[in-house]
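Hi,

Here is the structure I promised to pass on to you. Have a look at it first, and then read my notes below with the model open beside you.

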Amino acid sequence: FYQLTILSVLLVIGSGGTEKGSINDYLLDCYIQPPPTLLPLTVNTLVEIVRMINFKSYTPVGIAQETADLLHWFCIDGLERDPNAVPQTQEVIPYHQTGFQALREDLLFKKLIPIKKRSFGAYSLSLSEKCTLHAMMSATVDPWERGDEMKTCPHSFEDFRSSKSEQDRARFSSCPLEGGVVQTAGGAVSMGHVLAGLTAALTQQQVALQDLVSSDHPWTGRVWAAAGTVDNVWAATLAGDLAEVAVLQAPQYNMDVSIGIAERWNDTFIPSQLLFANVPYYLVEKRSWQITNAEILGGIEGLLLGRTVSELKHQMPEMRLSQFLDMYYLGTRSGRDFQYCSRLAAFTHYITDKKQTLIDQTQNFALLLTSMTTTYYTDSAIIAERCVKIVEKFLRYYHEEFHPQKCSAQDSVVPRLDIIMILDSTWPFYTLQQLFVSLINKADITYYGSSVTVIKGDSTDVIVNSTLSPVSLYQQLLLYGQNGEDITGLVLQKSLLPLRDVIESGNKNEKSLKYPRRAKQDVVVIFGYSSTINDKDFEIAEDILRILKRENPALRFVYLTSHTNAPRFVRLTAIPRSHLDTIIATQSSRLELVLPKLQDALHSDRILKPAYCKEDYHHWPESTYDEFITPEETISYWIHPDYLCGSLDIVKIMFKNYDYGELYVCMSRDKKEQGDCKPVMVNKDVTHALLRPCQKVGAAVWQWDQGCRPVYFTVSATRTYSKCTGYECRYPDQVRFSIVVQDLHCINLNYAVCSGELRVTPSSYIYMFVLSTLIFILMFSNG
């Protein structure tokens, strides 16, 4: 009745290797001179690199072109390693674009997604950045043994080792590597599917099948005319995968096809390899990975986000791709049906109505795939029949393996921190790298969020210079790991010296700004879990901390230590102005236990400071902050009592709104109370006034003086007009506003801030100089 032929032409791997011309020149270095290691394959890394391209592109383009550019430049689907190729040279590399994924990519970008490649800001990327993007977007599977299987998949290694592959000199791996994937909070996702779905949705079209096939195809025109159309969004996502199953697997297995392959990351903290988990030998041998779990999630997200991006583009016409990905994967937007955690519930509801559409589109794309190969089914009816069964099997697998969950409550309070970390020798350096990669998302280390600096705890060395970039953070850690000395312990007196330099440098940079500041909070995290600190070191550290806090009264310290060492750090929290300092004592140094506690301790309100003094010390200039707030978030600010000291009788804090939306602002002297609240309409401002805000009555040093307490503010956006278009906007629907602090005494960098007198003498600064000199001598006398 019909003939079935295996599409073996797509699966043949030669032995000669690939000439340079098969990989575009821009990506050749990823194979000829690859970086020592890629950046973590996380969505944070993806968003950061895409944002870097945005910033360095000379000509703004629409999100459709931007997404297509990434795929054109970095995606090479189906690029496979040849284990039997000749040794790699400058002219020959052991890779072929012979994987079945290549045909689908070719069809999409030649016939279904009509956006051409253009030159753009990718040339500004470093080698590790561009090679990481290439790895994130190129769908492929490496099935060949690598030599690390005894470590990465020991349980299945021996079973595979006893079975030789079809090629004499190579064996199949018991845990093949899947490429083109990114780690998200909701699991591994095929990012090529997501981006292809977005691009297709922004250029959506349905093309008649008869217009896509060659006129000399042996099937009659009636077959193609009756087949209907191919929708480019479905082809780029789920229907495309299921069509590959129908065309490539079904003839081999007589419908006993494989739907879904479970995967696992080699390292959940620093993901660099996605491995097949417990895959049977015969599936690897016959290359039955047409639809993995990561591709299922990528297909679902590409389908659903394609619909969402089209809707948002009308509301936010200048939205950038980095903004869209940030909003979906990293944002705290609990009030919208626009979160990764809601995707399965949304898809379950969506596919109930669209099941027949999925069947039709799978059938049509399967026909198209068949027409583009040298071998094919001889009867189109069997393709349609098998596609129905394959979609049914897919839906059963989906309902068994993927379970919709409720989105957990998001913390709507958004901190922005300058984090300075002082490390001890508790953890191996790789474990510290894992900790920092985890903190990137938890502490919002981004261009719009927190910065981080890392100091070596046993010396004055700065391991990581202050950075807002997750990419820069990881690259600096790698560089130090390759060239730096091991951390041997914690010497407080040594490590606090560069701390003061870092803080002073930040203050000087802030003073020299020609534009409004960003409100933030300085937090120092000292890792003292296993280090033994002697009394003399504590005494000198106490002196340094007293002066640091006189000069920077809002500076917070977090001490991460063991239960055994915790009592010794209590003395540091009894120093004046240490009200908000925290000791984290844990029973174990395991990151799984440490990270949640550290994340909670890092939550801080943003500090509002007076302006810095010019030439005249007796000066009360305005201090201006330019801020942006996202709907459904609350930003909390505070003014430290020491900054109120020396103020004029009336201190005014003005919140100035622009035309991006509407605000609601509250002020209180008690953090537990909402206080006095006022709406701020478009192009309006409101002012909160404080009458004689600091009249000290003399409380104990570790409590706020009842006559001079902090001032707290909260800001929320009640309405947005989605017109935030500049690069200073993290999201298009952010609302811009300014905070103007008036009538506070200016900060002089050569004097302590309000140490009980209106005018501070320079004696404390001189003392700090003498103390620093003493410590310098001690450092070298002790080796």
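In helix α4, the buried residues are Q101, A102, L103, R104, E105, L107, L108, F109 and L112; buried means under 20% relative accessible area, exposed means over 50%, and partly exposed lies in between, using a 1.4 Å probe and protein chains only. That makes nine of the 12 residues of α4, so the helix is largely enclosed by the rest of the structure. Helix α4 covers residues 101-112 and reaches 16 Å from its first C-alpha to its last, close to the 16 Å expected at 1.5 Å a residue. The expected span is 1.5 Å times one less than the number of residues in the helix.

A word on where this comes from: the model is predicted, so local features need pLDDT of at least 70 and side-chain atom pairs count only at pLDDT 80 or more, while totals for chains, interfaces and linings use all residues. Residues are numbered from 1 along each chain as its sequence is written, and side-chain values use heavy atoms, with hydrogens and water left out.

For the overall picture, the protein chain has 24 helices and 27 strands. Helices (H or I, at least four residues) and strands (E, at least two) are DSSP runs, numbered from the N terminus. Of the 783 residues in the chain, 59% are buried.

Now find the open sheet. Its six strands come in the order β15-β14-β13-β16-β17-β18, with mixed pairing; two strands pair if DSSP finds at least two bridges between them. At the edges stand β15 (462-467) and β18 (582-586), each with a single partner strand, so one side of each has no neighbour in the sheet. From one strand to the next, the twist averages 15 degrees.

Helix α18 (residues 470-483) touches β14 (451-456) and β15, and its direction makes about 165 degrees with that of β15. Contact means heavy atoms within 4.5 Å. Helix α22 (residues 591-602) touches β13 (417-423), β16 (521-528), β17 and β18, at about 170 degrees to the direction of β18. Axes are lines fitted to C-alpha atoms, for helices over the stretch in contact, and angles run from 0 to 180 degrees between N-to-C directions.

Are the faces of β17 covered or open? Both are covered: R556, V558, L560 and S562 are buried on one side, and F557, Y559 and T561 on the other.

Helix α22 also packs against α17 (residues 429-442), at an angle of about 40 degrees and with the axes 11 Å apart. The two are therefore oblique to each other (under 35 degrees is roughly parallel, over 145 roughly antiparallel, 65 to 115 roughly perpendicular, and the rest oblique). Among the residues making this contact are L435 and L439 of α17 and L595 and L598 of α22.

Finally, look at Y328 in helix α14 (residues 321-330). Y328 is buried, with a relative accessible area of 5%. Not counting residues up to four places away in sequence, Y328 touches E301, L305, F338, Q339, Y340 and R343. The C-alpha atoms of Y328 and Y340 are separated by 6.2 Å, and the two residues are 12 apart along the chain.

Enjoy exploring!
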